[in-house]
Amino acid sequence: MAATLSDEVYQRGAGLGCCLSIAPGLTGPAAPRGRPAMSIIEQADCRRSTFSLSRADERAIDVVIDLLRPARRLLFITGAGLSADSGLPTYRGRDGVYRAGVTTCHGLTIEQALSGPMLAARPEITWHYLFELERSARGGVPNRGHRVIAEMESYFDAVWTVTQNVDGLHSRAGSRQVLDVHGDLHDLLCTQCDYKVTVPDYADLALPPLCPRCQGILRPTVVLFGEQVPEEKLDRMWYEFGVGFDVVFSVGTSSLFEYIAAPVELARAAGIATVEINPETTAVTSEVDVKISGRAASVLDLLWERYLVGWPWW
Ligand code: NAD
């Protein structure tokens, strides 16, 4: 059965996710292995490990590097916590859009306001909250965590990123194998005709925005509550899972959606190494082989810096 953003699919917790790329993902084959030349900015990034992590996290990072040395195919599953290091609010965090049991200024739950039926009936209401969501992400740029994952694509046979984020930051960081299962706030399409446009932000949009061709209501490609998660993206994720992964990472997500937790659980069951990077305990913490409790950007930065010491391994 197709996955939708509904209570049935969102069965792991009390809350709900909102959703949310440039349908980029299914680009060509992995880049050939080989260390590419680094730009000056990237070299600066590599020198910049001045944060502090707990000793336990430092040891866990060394364990992960041992896992990465023989690895050829990696899967990253990412969520709002990764973009939190770019200053974007998480969904359930303090400044996030979701508040359990709280109704919006329109007297609706956020799930009602950000739903497909509401967009059809009262587009100005849905757009009010879409605007708030986009405004909270406006000006955000990829952080070191996004860039490390993008850089990894050049070092391994395949590095797939399955993200719930709707901010487009993985693609902006240079990742090419991205499956943004919740869409992208910046990609708009007409609900009446085939008009499409990519916007840098919503600052200049009339709310609700209208199609310049047919005056129909525009909407972002994000998956609203009650709508189906794009099947082709989940299918591609499972296809790549079938090809095989050596390490599966869960980064900055509460993993409350079934289709986000399942790859971690199945990886564990199949004997594939699993790693979680998240300061908090989540729905998959008990499933992973290695838990790193630091912040995503700092951990990925240090991990990558240490991995590159002594590279190549053969
Ligand atoms: P969530 O808000 O449910 O959970 C965020 C997770 O990130 C938490 O487990 C938290 O402990 C962790 N976290 C916070 N700061 C972190 C950091 N610096 N490093 C690592 N982890 C950190 O988010 P979710 O699981 O992604 O689900 C939320 C839903 O809302 C998704 O549907 C998502 O599409 C949407 N959303 C997207 C964005 C975005 O595009 N940036 C932002 C908010 C919400």
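Guide: Let us begin with strand pairing: two strands pair if DSSP finds at least two bridges between them. The model before us is predicted. In it, Thr161 stands opposite Val178 in β3, and β2 and β3 pair in the parallel sense over three bridges.

Visitor: How many helices and strands does the protein chain contain?

Guide: The protein chain has eleven helices and nine strands. Of its 314 residues, 45% are buried.

Visitor: In what order do the strands of the open sheet run?

Guide: The open sheet has six strands in the order β3-β2-β1-β7-β8-β9, and the pairing is parallel. The edges are formed by β3 (178–180) and β9 (290–292); each has a single partner strand, so one side of each is left without a neighbour in the sheet. On average, neighbouring strands of this sheet are turned by 15° against each other, direction ignored.

Visitor: Which bridges does β1 make with its partners?

Guide: With β7, strand β1 (residues 73–78) pairs in the parallel sense over five bridges; Leu74 has Val247 in β7 as its bridge partner. With β2, strand β1 pairs in the parallel sense over six bridges, and here Phe76 stands opposite Thr161.

Visitor: How many residues of strand β2 are buried?

Guide: A residue counts as buried if 20 or more other C-beta atoms lie within 10 Å of its own. Five of the six residues of β2 (residues 158–163) are buried, so this strand is largely enclosed by the rest of the structure.

Visitor: How is the packing of two helices described?

Guide: For α7 (residues 144–152) and α11, the angle is about 40° and the axes are 7 Å apart. The two helices α7 and α11 are therefore oblique to each other. The crossing of α7 past α11 is left-handed.

Visitor: Which residues of α7 and α11 meet?

Guide: From α7 come Arg144, Gly145, Val148, Ile149 and Glu151, and from α11 come Ala296, Ala297, Leu300, Asp301 and Trp304. The residues of this contact divide into six nonpolar, one polar and three charged.

Visitor: Are Gln215 and Ser255 buried or exposed?

Guide: Gln215 counts as exposed because it has 10 C-beta neighbours inside 10 Å. Ser255 has 24 such neighbours and therefore counts as buried.

Visitor: Where are cis peptide bonds found?

Guide: One joins Leu207 and Pro208, with omega about -5°; Pro208 is in the loop between β5 (196–198) and β6 (218–220). Another runs from Trp311 to Pro312, with omega near 0°. Pro312 belongs to the segment after α11 (296–308).

Key. Residues are numbered from 1 along each chain as its sequence is written. This is a predicted model: local features need pLDDT of at least 70, side-chain atom pairs count only at pLDDT 80 or more; totals for chains, interfaces and linings use all residues. Helices (H or I, at least four residues) and strands (E, at least two) are DSSP runs, numbered from the N terminus. A residue is buried if 20 or more other C-beta atoms lie within 10 Å of its own, exposed if 12 or fewer, and partly exposed in between; C-beta atoms are placed from the backbone. Axes are lines fitted to C-alpha atoms, for helices over the stretch in contact, and angles run from 0 to 180 degrees between N-to-C directions. Angles under 35 degrees count as roughly parallel, over 145 as roughly antiparallel, 65 to 115 as roughly perpendicular and the rest as oblique. A crossing is left-handed if the near helix is turned anticlockwise from the far one by less than a right angle, and right-handed if clockwise. Two residues are in contact if their C-beta atoms, placed from the backbone, lie within 7 Å. Ala, Val, Leu, Ile, Met, Phe, Trp, Tyr, Cys and Pro count as nonpolar, Asp, Glu, Lys and Arg as charged, and the others, Gly among them, as polar.
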